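Have a look at it first, and then we'll walk through it piece by piece.

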Amino acid sequence: MSPESFDSEQQFRLIVEAAPNGMLLIDERGAIVMVNTSALHQFGYERDELLGQSVEMLIPGPFRSDHRQHRTEFMKVPQARSMGGQRELFGLRKDGSEFAVEIGLTPIQTAKGMGVVASIVDISERKRLEVQLRRAERLAELGTLASGMAHEIGTPMNVILGRAEYLLQRAADDGMKKGLTTIITQVERITKVMNQLLAFARRRTPERRAVDLAKIVEDSLDMFQERIAQCHITVDTTIESSLPFVHADQDQLIQVLINLVMNSLHAMPEGGRLSLGLAREGEYVRLEVADTGHGMPEETRAKVFDPFFTTKDFGKGTGLGLTVVKGIIEEHGGTITLESAVEKGTTFTIRLPIDSAQTAGASPSIRL
Ligand SMILES: Nc1ncnc2c1ncn2[C@@H]1O[C@H](COP(=O)(O)OP(=O)(O)OP(=O)(O)O)[C@@H](O)[C@H]1O
Ligand SMILES: [Mg+2]
């Protein structure tokens, strides 16, 4: 090799190595001749695991045979172009996972014959953002739709509910009573879904003032009294005395509690223990809602706050409950976290900033 060509090859290697994109040099038969560090990171290989190997090992199975054919055709009429046309392209990592890529191809004459430089951009992050954006747009549309529908559906539903309740009070026949009860339950279900959708969609400015979380916890539990007794659930409440107020929208916090308690009750169809705790933690009030229910595996835990994620049967859950909860808490400058173990139970922990006008310290005591 002449010093000149050595120089240019050396330069070529340096340029390839410095590129932020993954770059591969492939020979006429599809063997990898050169690979830069970015490509090694993208695909998760060491350099010597790739050099000399067929480029097809970086392509997911279903696309491999097509690729072989495209490669042969490319070599017949080599010219710079992007790969894939309108098709989506994927790379295959060493660990078997796939990622979306964009690939540019440039033919190159090497000392050993024709070759191709493939420049690879990992576009999985861009794809993820695109999906997120599409989802945000869909949710915004949903918000408009839900607000419009709430009135159209809510009003007749109230009328149906009112009439059914009226008739139920007067019905003497058991079959009739059963039918009316079914109507009432189903209407309540529709109303619930509508309310969840509305709460999720409604971007009304919260009306915040100093709120006593202890009162909200107690009121919310009252609403579930009957259900709790029916399901053989014991409740224990641990509330610090002289707990400072939080600066919050009362209705929204009630909704948070209803959603969390509902989820806990659903998770304990055979009974169990529901524990609610309130304590001061620095500049925050910490609220814990814990149950001894069926818990969640990791896959569920990762998605619980996603809109429309539900493990409940069709028609039983909207999958918006926790999305609403998280939205409300974060709007209040608070945080929500969870711990959960399958067959053991789940604890949601919420921290809400205390009302700045409050200076009261807390002397812990237990109220059962
Ligand atoms: N306390 C809990 N124990 C076990 N799993 C839970 C608990 N809370 C939530 N989950 C899981 O998280 C999922 C999402 O909860 P989320 O409240 O957002 O929706 P949902 O309860 O399914 O429907 P909706 O609240 O609209 O009735 C549930 O379907 C369930 O799988
Ligand atoms: Mg729920």
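In this predicted model, the shell around ligand 1 splits into 6 nonpolar, 16 polar and 2 charged residues. That makes 24 residues surrounding the ligand, and the closest are Asn263, Thr310, Gly317, Gly321 and Leu322. Two elements give two or more residues each to this shell: helix H8 (250–267) and helix H10 (321–331). H8 has the largest share, with 4 residues.

Now for the nonpolar cores. The largest one has 38 residues, and Leu213, Val285 and Val325 touch the most other members.

Which residues does Val285 contact, leaving aside its neighbours within four places in sequence? They are Leu213, Leu243, Pro244, Val246, Leu278, Arg280, Leu352 and Ile354.

Finally, let's step back to the whole chain.

| Domain | Residues |
|---|---|
| domain 1 | residues 3–122 |
| domain 2 | residues 127–201 |
| domain 3 | residues 209–353 |

Taken over C-alpha atoms, the centres of domain 1 and domain 2 are 55 Å apart.

How values were computed: Residues are numbered from 1 along each chain as its sequence is written. Chains are lettered from A and ligands numbered from 1 in the order in which they are written. This is a predicted model: local features need pLDDT of at least 70, side-chain atom pairs count only at pLDDT 80 or more; totals for chains, interfaces and linings use all residues. A residue is near a molecule or strand if its C-beta atom, placed from the backbone, lies within 6 Å of it. Ala, Val, Leu, Ile, Met, Phe, Trp, Tyr, Cys and Pro count as nonpolar, Asp, Glu, Lys and Arg as charged, and the others, Gly among them, as polar. A nonpolar core is a set of buried Ala, Val, Leu, Ile, Met, Phe, Trp, Tyr and Cys residues joined through C-beta atoms within 7 Å. A residue is buried if 20 or more other C-beta atoms lie within 10 Å of its own, exposed if 12 or fewer, and partly exposed in between; C-beta atoms are placed from the backbone. Two residues are in contact if their C-beta atoms, placed from the backbone, lie within 7 Å. Domain bounds come from an automatic or database domain assignment.
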